[in-house]
Amino acid sequence: MLSNGPLDGLKVVDLSRVLAGPFCSMNLGDMGADVIKVERPDGGDDTRRFGPPFINDVSTYYLAINRNKRSVAIDLKSKDGKEILWSLLSDADVLLENFRPGTLDRLGFDYETCKKKNPKLIYCSISAFGHSGDPEWSRRPGYDLILQGMGGIPSITGVPDGPPSKVGASIADVVAGMNSFTGILLALIARTKTGLGQKVDTSMFDGQVSLLTYLATAFLNTDKVPPRLGNRHLSIAPYSTYEASDGWLNIAVANEKLWGLFCRTLDRLDLMDDPRFQTNQARVAHVELLDSEINVALGKNAVSFWVERFTEAGIPAGPVLTLDKVLTHAQLQARGMLPHMQHPRAGQIKLTGTPHFLTGTPGGFRLPPPELGEHSRRILEEHGWSSTHIDNWMSRGVIYCSDGATP
């Protein structure tokens, strides 16, 4: 279980499920933490059943976000199950959960109680709207689609005369997972100074609003709601998706020097002399006409021709790739972003890697996504429970140990 990751030796008790929490704990595991994934004995994490697609009855959704973890299956509603969890938390560094606010309180594992039993514990809670503020909002459930919509992203995504559109990836969940990962690391740094843990309260709603950046300040300081612009930029032009003869490419011309280079590379010096395009502000005001002129010029050649030509000129440009092209890209292969792992049921699986590249303590991919209860017996033994206790709990459904459990 030893790794060369910066979090080697850190113990994480992970009560989370579905996406936001597991994404966070996977990042902790990738960086060396011992992540103990606590699941329900009667089926475990909901994502084990999400699909299609499946590989040998294993959900690819589950596989995507659960490597570098050990699974123990415990009925937390039972008295014995609670006793087991307290033993796991007695020397834990982090507790991670994404239940609806109040759920863990009712089970007896509220922050204040956990803090008294383990003052060094970092208690990270992920929820839709946060644990503070209006109690009515705090208690509400939330899924990615709902939080994207409430966070404003779909209102500014899509073409002007079309319906609002969510982002294809589950960014409300993933951003919450990223923010939780960051919050836990910050709390660990603070603990080196104070010796004490603290609560990390992550709101999916807050995370979505934080993504609005300049779009939010545009409204907050002018009272003007930014319009839906398709792939255009609110404040920069040309900066959009354009059509070549065989497909689409993105071009970003973010300053006047690039604008001159762009016109020369496009063989449209006349655009530089047109008063409607001579400044960025003017180009933004006449962006529809400008984009039309650019598309006419780009339509004469293929995407690869233009990307190569713009890149040589120092103009930011790139193709719009479908996932089959993205996930076979040579640069991702070269950086180890597409690792392979061997899973006991699914066989060899391919995953996306970690975006955290550290030269001295890089972490790595030690454990494939675990089967439900795969490590129950070993984990309980590590915490001092005898085989008699474990077998008794198994017979009464307090815990579940999968057949062929591995250490």
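## Overall picture

Of the 407 residues in the protein chain of this predicted model, 46% count as buried, where buried means under 20% relative accessible area, exposed means over 50% and partly exposed lies in between, as judged with a 1.4 Å probe on protein chains only. The chain has 19 helices and 14 strands, these being DSSP runs numbered from the N terminus, with helices (H or I) of at least four residues and strands (E) of at least two. Along its principal axes, the C-alpha trace spans about 85 × 45 × 40 Å.

Residues are numbered from 1 along each chain as its sequence is written, and side-chain values use heavy atoms, with hydrogens and water left out. Because the model is predicted, local features need pLDDT of at least 70 and side-chain atom pairs count only at pLDDT 80 or more, whereas totals for chains, interfaces and linings use all residues.

Rolling a probe the size of a water molecule over the atoms shows where empty space is left. The search runs on a 1 Å grid over the protein atoms alone, and a pocket is an open set of points where a 1.4 Å probe fits, with protein on both sides within 12 Å along at least five of seven lines; lining residues have an atom within 4 Å of a point. Grid points are joined across faces, edges and corners, and a volume is the space filled by probe spheres set on the points.

The largest pocket holds about 800 Å³ of space, and 32 residues line it, with Phe23, Ala64, Ile65, Leu351 and Thr352 lying nearest its centre. Two or more lining residues come from each of the elements α1 (20-30), α2 (60-64), α8 (171-194) and β13 (347-350). By class, this lining has 19 nonpolar, 10 polar and 3 charged residues, where Ala, Val, Leu, Ile, Met, Phe, Trp, Tyr, Cys and Pro count as nonpolar, Asp, Glu, Lys and Arg as charged, and the others, Gly among them, as polar. Helix α1 is itself mostly covered, with 11 of its 11 residues buried, among them Phe23, Cys24 and Asp30. Just after α1, Gly32 takes a positive phi of about 110 degrees.

## The second largest pocket

The second largest pocket has a volume of about 590 Å³. Of the 24 residues in its lining, Ile156, Tyr214, Leu215, Gly230 and Arg232 are the closest to the centre, and the elements that give two or more residues are α10 (213-222), β9 (239-243) and β10 (248-252). The lining divides into 15 nonpolar, 8 polar and 1 charged.

Strand β10 also contains Leu249, which counts as buried because its relative accessible area is 0%. The C-alpha atoms of Leu249 and Ala302 are separated by 9.7 Å, although the two residues are 53 residues apart along the chain.

## Aromatic pairs and charges over rings

The model contains 10 aromatic pairs, a pair being two rings of Phe, Tyr or Trp (its six-membered ring) with centres within 6.5 Å; planes under 30 degrees apart count as stacked, over 60 as edge-to-face and the rest as tilted. Trp259 and Phe262 form a stacked pair, 6.0 Å centre to centre with 25 degrees between the planes. An α-helix has 3.6 residues a turn, so residues three or four places apart point the same way. Trp259 and Phe262 are separated by about one helical turn because they are 3 residues apart in helix α11 (residues 256-265). Trp259 is buried at 3% relative accessibility, and Phe262 is buried at 0%.

Trp385 and Trp393 form an edge-to-face pair, with 4.8 Å centre to centre and 70 degrees between the planes, and both are buried. One aromatic cluster is made up of Trp259, Phe262, Phe305, Trp306 and Phe310.

A charge sits over a ring if NZ of Lys or CZ of Arg is within 6 Å of the ring centre and within 35 degrees of the ring normal. Arg283 lies over the face of Trp259, at 4.4 Å from the ring centre, while the charged end of Lys117 sits over the ring of Trp86, 4.8 Å from its centre.

## Cysteines

A search of the whole structure finds 0 disulfides, a disulfide being a pair of cysteine sulfur atoms within 2.5 Å. Cys263 is buried at 0% relative accessibility, and Cys401 is buried with a relative accessible area of 8%.
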